[in-house]
Amino acid sequence: MISILWSVAVLGGLGAVFGVILGVASKKFAVQKDEREELVLELLPGANCGGCGYPGCGGLATAIVDGKAPVSACAVLSSENAKKIGVVMGIAVEEKEPQVARISCLGSHGNCKNKFEYEGAHDCREAYAQAGGFKACSYACLGLGTCAKVCKFGAITMGEDGIAFIDEDRCTGCSRCVEECPQRSIVVLPKSMPVYAACTNEQRGKKVTVNCTAGCIGCAACARVCQFDAITMKDNLPVMDPERCTNCQQCVSACPRKCIIATMPPEVALIDEEKCVGCGLCQKACKFEAIEGERRHPYHVITENCTGCGKCKEACRFSAITMKEAQK
């Protein structure tokens, strides 16, 4: 009994001594943490999506405070919270253009051929590991939903046609789906981009048509018809300049494969006759002969010719022109 009591006493004494030592050491060797980290972390969305390249929002908060990452590294962060972080850090934060992911493939069932019947795991990366996937086009969406699985915002669902669908209201443009897609059939673009090419196949002509009925063939018809030099061809694919694109949608109409997608409804110009002074600036600015009239008299829009590019509105000095959604 005495041996047991001595053992308990010794162990208790050692525990107390080690406790004191650890307590002193924790204070003496404590790493001072910048209090701004907690403030920044509270303002970050907490999604821990990894789209910023850091291990969760905590890792990004540390990087921002240490000056190793900009506030804009978080694609999910709201403009309001970005400004608040700027206040915490004592820096100015510019307004960020919202980004959104888009499926850049139209190779749904019936459009893109299959090379073989795939019966493996329901995962795009697993399918890709087998001879580069079962689709005949090496850029086509495999439709097995890996992008939907990794999306932390529920923005991606799989359609019955075998192509992923993105809910733009939920998408944050974090690029997580882009990183996981082995076919490169998802791209992240400015949300305000009026049109985009829904194909990433860099081949052209017959090499495309033999496998897919909807792929871009690199004909450059879109670039030729554009009146604003907003489209250039790179690697046999059209690249849209968001600064020049006016949403006239002439490229959409000109594409023989219908693989240029409009993200906004077409518009037409409307002239307020009471405000119009008949200066003719709108008519000079119009590249589509969609405005008629005589000087010093109200001008009129020829609706069937108007593409909704908005150049007439930009030219008008009297706020007499507005744009409205075109009737189908």
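1. Let me start with burial: 39% of the 328 residues in the protein chain are buried, where buried stands for under 20% relative accessible area, exposed for over 50% and partly exposed for in between, with a 1.4 Å probe and protein chains only. Keep in mind that this is a predicted model, in which local features need pLDDT of at least 70 and side-chain atom pairs count only at pLDDT 80 or more, while totals for chains, interfaces and linings use all residues. Residues are numbered from 1 along each chain as its sequence is written, and side-chain values use heavy atoms, with hydrogens and water left out.

2. Along the principal axes, the C-alpha atoms fill a box of roughly 115 × 60 × 30 Å.

3. The protein chain holds 12 helices and 12 strands; these are DSSP runs (helices H or I, at least four residues; strands E, at least two), numbered from the N terminus. Among contacts (heavy atoms within 4.5 Å) with a separation of 6 or more, 56% join residues 24 or more positions apart.

4. Now the inside. A nonpolar core here is a set of buried Ala, Val, Leu, Ile, Met, Phe, Trp, Tyr and Cys residues joined through side-chain atoms within 4.5 Å. The largest one has 35 residues, and Cys251, Ile260, Ile271, Ile291 and Ile321 have the most contacts inside it. Strand S7 (237–240), helix H10 (250–254) and strand S9 (267–271) each supply at least two residues of this core, with S9 giving the most, 3 residues.

5. Cys251 deserves a look on screen. Leaving aside neighbours within four places in sequence, Cys251 touches Val195, Cys222, Val225, Ile231 and Ile260. Apart from this core lies another, of 22 residues, with Cys105, Cys147, Cys151 and Ala155 among them.

6. Helix H3 (residues 56–65) is mostly covered, with 7 of its 10 residues buried: Gly56, Cys57, Leu60, Ala61, Ala63, Ile64 and Val65. Those buried residues pack against helix H2 (36–43) and helix H4 (79–89). Just after H3, Gly67 takes a positive phi of about 80°.

7. Last, the charges: the protein chain carries 37 positive and 36 negative side chains, and the centres of the two sets lie 5 Å apart. Lys and Arg count as positive, Asp and Glu as negative, with His and the chain ends not counted; each charge is placed at NZ of Lys, CZ of Arg, CG of Asp or CD of Glu.
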